[in-house]
Amino acid sequence: MIKEYELKSLSLRGNSLFLLVISAGIGLTLILSACGSDSLDSDAAVEEAAVATTQQVANATATATTATSSPTESTVTDAYYPKTVEDLLDREVTIAASPERIVALSPSALEYLYALGGVAVGRPSSARYPEAAMSVESVGTSYAPNFESILGLNPDLIIADSIIQAQPRFLEQFKGLPTPVFLAGAGSYSDVLTALERLGMVLNRNDEAQAEITRIQTSMEAAKSVLPPGTSAIVLIADRDNTFYAAKNTSFVGDVMDNLGVVNPASDLPDAGPFPGFSTASIEILLAWNPDFIFTITPAPEPAPRLSTLLPSIPPMRGLSAVQSGSILELPLEIALQASGPRVDQLVKLIAESLAQ
Amino acid sequence: MQIVKSTVVRSFLLLVLMALLAFLFSLQFGTSYFGPIEVINGLIFSDSGIDRTIIWEIRFPRSLSAALVGAGLGLAGAMLQVTTRNPLADPAILGISALAGLALALVVVIFPLANSYVRGMACIAGGVAGGGLILILSRGFVSPLRITIVGVAVGAFASACIIGLITGSRVVLDLALGFLAGGLYGSGWEDAFWWIVFLPLMCIGIISLANRLDNLALGDEIAINLGENPDRTRAAAVLFSGLMTGIAVSISGLVSFVGLASPHIARAIVGRGSLNLFTGSILVGSIIMLVADTVARVVISPSELPAGILTAFVGAPILIYLVRSKLS
């Protein structure tokens, strides 16, 4: 061992040299990157390039419109953009020209787009609706969108989700993109109406937006009219350990029920548990509430058993009047949780009809 | 055996070349493939359009971050193994990663809108605090064995706290999978910029601690006769490892295996002297992390696997091969 130590001390000088060489190598890489332009300059350069590109697109669109449509139409199109709209996180987003290539980053965002008559060139992998969007290229999941895929599609508008992608780590990444990012999600019933209205402004489809909003509001009014007042209902979700979580009114489905006038005993619960808008509900507290109706949501895919079929098989749950009378309904996962958005009218109708019986 | 017998010069050049190649490949591969010339163009010229944005804004900072994570973990692992004389020591086993992670989780729970610089500083503080905590708890007799045992206990405690926070807090859950499995999703220039701070730090750490740790390897009594302060040197090494671990955790979460395997692989290539070992571990760690991240991005594109679990896929076969060939 001492021999090794002596030998090592002889080669020290050589090793120090190599340490320096390696540092110099990495240092050169950094200098190269700094000279190439540091990130601030590259942002500016990229933005300039993007503005130039969008201006070219705007000119091309204007020229195309003038060439193919009547003079009055082309004047309207020319005057509408550029347009600045506030998204659902109150960020001001400026759209330079009519968006032609739109990427949606969550099922809700995608459904908003198609409800307004738009089409996407990129969608999240978790989207299942509408059918027409299934052939569109996937850009990764809602929780981890792949920015290379998104940029590779050359979009001129990105619709992100104001609920799923509102954290700093996403917003920081959005800032580095050359494309405007509009955040629109569905965390509540009023979110859906606001998002449709504002996206309608972004896409210059204000009439379609108004039609959608009216359709949804009509279904809400119709649902309220068939509902007996004072009905109580809860929405349950279970995790792998069969811990129950009840929806508070801060969740989407809870807020829909609140708008319908349904009494939700879980709305007073303190925030507890890892799921936003849902709170841990022990079996004792479920028995204390004894709601008139129990809605269930099962996030696990088939062939996992649905929570609605599992509930009656748990002995203490049989003390609930809803379980005894069979007043349990499994809500479709997409419209109740995963893809909340313009299909809220289906959710409203389903809840109201179940409670009306 | 051929690798072990070649001169140190050749070995280092080989490692540097492999690191540069791994870096180049990480820039080439992804959702779309770029040839080497396109990559160079994308790096140097700022008007290549979308290609430039992908390479400059997405891949280049991500590869730099991956290299920093690998370098930091490799160096931390090497220092800890030399200090604790335990060939199975690494930042994760000694609980330093877990404490850095706990610091990050706490910051995210209390300040959900904290930007990446605040999160980075929290992790660094957590890593150094982790090292400090281990030293304090093994105070009086900072022996290698005691450091190891205390580290395992601290790590178990911190991991339990992290799981508790994830179970109880909806904010941390957002980070959870990417964080616990370890990965470079979303890393950008705000992570890569840490090289400016950490490259000089690594050089200072290696130059000041390598010889001292070599002296300690002769035994405390001989080391004291050579003018060393064994306790202080060990403390400095553990704290420095905490610093390196902190920055790695802040960028990529809890990555497995790199800190453990890099020193062993480096030792087989460049020898056992601490100076060689530390520098080699930096290079080996970077290579493992760059390759793992490239594979993670490509395998199920456009979705990504967490790179932190692929490090074991990449590194374990190399380690097993080296162990077997050394024993034969």
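Helix α5 of chain A (residues 107–115) is largely enclosed by the rest of the structure, because nine of its nine residues are buried. A residue is buried if 20 or more other C-beta atoms lie within 10 Å of its own, exposed if 12 or fewer, and partly exposed in between, with C-beta atoms placed from the backbone. Helices (H or I, at least four residues) and strands (E, at least two) are DSSP runs, numbered from the N terminus. The model is predicted: local features need pLDDT of at least 70 and side-chain atom pairs count only at pLDDT 80 or more, whereas totals for chains, interfaces and linings use all residues. Residues are numbered from 1 along each chain as its sequence is written, and chains are lettered from A and ligands numbered from 1 in the order in which they are written.

The buried residues of α5(A) include P107(A), E111(A) and Y114(A). They pack against strands β3 (102–104), β4 (122–123) and β6 (157–160) of chain A. Their other partners are helices α8 (189–203), α9 (206–226) and α14 (333–338) of chain A. After α5(A) comes G117(A), with a positive phi near 90°.

Chain A as a whole has 15 helices and 12 strands. Of its 357 residues, 40% count as buried. Two residues are in contact if their C-beta atoms, placed from the backbone, lie within 7 Å. Among contacts in chain A between residues at least 6 apart in sequence, 60% join residues at least 24 apart.

Chain A is divided into domain 1 (42–219) and domain 2 (227–356); such bounds come from an automatic or database domain assignment. The contact takes 18 residues from domain 1 of chain A and 15 residues from domain 2 of chain A. On the domain 1 side, α5, α8 and α9 of chain A each give two or more residues. The largest share of that side, five residues, comes from α5(A).

The largest nonpolar core has 187 residues. Such a core is a set of buried Ala, Val, Leu, Ile, Met, Phe, Trp, Tyr and Cys residues joined through C-beta atoms within 7 Å. Y112(A), L113(A), I159(A), A246(A), L68(B) and M79(B) have the most contacts inside this core. Its largest share, 18 residues, comes from helix α4 of chain B (residues 50–84). Domain 1 and domain 2 of chain A each supply at least three residues to this core. Leaving aside neighbours within four places in sequence, the contacts of A246(A) include I234(A), L236(A), L269(A) and F278(A).

In chain B, helices α5 (residues 96–110) and α6 (residues 116–137) pack at an angle of about 140°, with axes 7 Å apart. Axes are lines fitted to C-alpha atoms, for helices over the stretch in contact, and angles run from 0 to 180 degrees between N-to-C directions. The two helices, α5(B) and α6(B), are therefore oblique to each other. Angles under 35 degrees count as roughly parallel, over 145 as roughly antiparallel, 65 to 115 as roughly perpendicular and the rest as oblique.

Two peptide bonds in chain A are described as cis. One joins Y81(A) and P82(A), with omega about 0°. P82(A) sits in the loop between α4 (71–80) and β1 (83–86) of chain A. The other runs from E302(A) to P303(A), with omega near 5°.

D90(A) is not a glycine, yet its phi is positive, about 60°. D90(A) counts as exposed because it has 8 C-beta neighbours inside 10 Å. N154(A), also a residue other than glycine, has a positive phi near 55°. N154(A) has 16 such neighbours inside 10 Å, so it counts as partly exposed.
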